[in-house]
Each structure stands twice: as structure tokens, then as C-alpha cells.
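Here are some notes for a colleague who is opening this entry for the first time. They are meant to be read with the model in view.

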Amino acid sequence: MEQKNQNAQLAYQVTRIRTASREQLLLITYDIAIRFCLSAESAIAKGDTEESHENLLRAQNAIRELMVSLNVQVGGSVAENLMGLYDFMHRSLVEANVEKSEEKVAMVRSMLEELRDTWQEALEKIKKEAISNNQEETVPSGGGVSFAG
């Protein structure tokens, strides 16, 4: 039964990723990094060095994906600043892995959560503006409804 649930969860995740927009993939990547940081914090607290190591490597990989997704030519200084933040987080997770520092992992997780929330808010704002602009284009200038008689 447990294997069946794991297979169903995996199938759901694969479908979620395959059908996601670029923006949704960004949020999913943040979620993955955050989840692995949480797991690493827990493993460090339990003294499980192998589990913490695996989770920290996975969190580092997720942050590398965020770095690869940046287009510094198009994004300019914002993208450069994000690249610097991602680089700092990646290095901090490497240090946390060596030192088995729950505090460093928590710091990176906090930064990831803050960035994820910021992106989520920005995407929701853009979506609302797009919907609003689209509605303005479809509403007749008089705002009324006419019936052909």
C-alpha cells in the first residue's frame, strides 16, 4: 500500500512539473530547495550525518538550478544580485554540510522562503494585472449589453 501511495505521489509530481509554466517551475524549485533544507535541519538535529549530507546536496542542486535559470543579459542588475544571493546560499550550504550547522541551513532556508514569497506575490500581481487588462479589452466601450431585436 505504501509503495502504491509513493507511486501516485511521484506520478502527480511528474505531471505537475511537465505541465507547469516557467513561473510555476521557479516556485517549484524554491519549494524543493526549502523542503530539502528542512529535511537537512531535521537530520542534523538527529545527528544523522548521511541523511543531512544527502539533503544538503539536493538543496545545493536546487539552488544551482535557480542559478542556471537566471538570464543575466536580460535581467541586468536584478539577475546579477540574485546570482550573488544564490551563490552565497550555495556556499553556505556547502559550509553547513562540512560543519553540520543547523543554523546555516536555517539561514539559507529563511532566505529561500523570503525569495519564494516575493516571487509568488509578484507573479500574482502580474496575473491580476493581465486579467484586468484582458477584461478591459473585452468590455465594450459603453460598458452595456445590447440585444439584437
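This is a predicted model: local features need pLDDT of at least 70, side-chain atom pairs count only at pLDDT 80 or more; totals for chains, interfaces and linings use all residues.

**Notes on salt bridges and helix packing**

1. Across the whole structure, a search finds 7 salt bridges.

2. Asp87 and Arg91 form a salt bridge in which the closest N and O atoms are 3.1 Å apart. Both belong to helix H4, and because they are 4 residues apart there, about one helical turn separates them. Asp87 is partly exposed at 32% relative accessibility, and Arg91 is partly exposed as well, with a relative accessible area of 42%.

3. Another salt bridge joins the side chains of Lys104 and Glu95, at 2.7 Å from N to O. Lys104 has 23% relative accessibility and so counts as partly exposed; Glu95, at 35%, is also partly exposed.

4. The loop between helix H4 (72–99) and helix H5 (102–138) contains Lys100. This residue is not a glycine, yet its phi is positive, at about 55°. Its relative accessible area is 27%, which means that Lys100 is partly exposed.

5. UniProt, in an unreviewed entry, places a "coiled-coil region" at residues 98–129. In the model, that stretch is 94% helix and 0% strand, with its end C-alpha atoms 46 Å apart.

6. The crossing of H2 past H3 is left-handed. Residues of this contact comprise 13 nonpolar, 5 polar and 5 charged.

7. The side chains of Glu51 and Lys46 meet in a salt bridge of 3.6 Å, N to O. Lys46 is exposed, at 57% relative accessibility, while Glu51 is partly exposed, with a relative accessible area of 29%.

8. Glu54 lies in helix H3 and is partly exposed, with a relative accessible area of 33%.

9. Ala45 sits in helix H2 and counts as exposed, at 56% relative accessibility. Along the chain, Ala45 and Lys100 are 55 residues apart, while 9.2 Å separates their C-alpha atoms.

10. Finally, Glu41, Arg109 and Glu113 are linked in a network of salt bridges.

How values were computed: Residues are numbered from 1 along each chain as its sequence is written. Side-chain values use heavy atoms; hydrogens and water are left out. A crossing is left-handed if the near helix is turned anticlockwise from the far one by less than a right angle, and right-handed if clockwise. Helices (H or I, at least four residues) and strands (E, at least two) are DSSP runs, numbered from the N terminus. Ala, Val, Leu, Ile, Met, Phe, Trp, Tyr, Cys and Pro count as nonpolar, Asp, Glu, Lys and Arg as charged, and the others, Gly among them, as polar. Buried means under 20% relative accessible area, exposed over 50%, partly exposed in between (1.4 Å probe, protein chains only). UniProt positions are given in the numbering used here, feature names are shortened, and annotations may be inferred rather than shown by experiment. A salt bridge is a side-chain nitrogen of Lys or Arg within 4 Å of a carboxyl oxygen of Asp or Glu.
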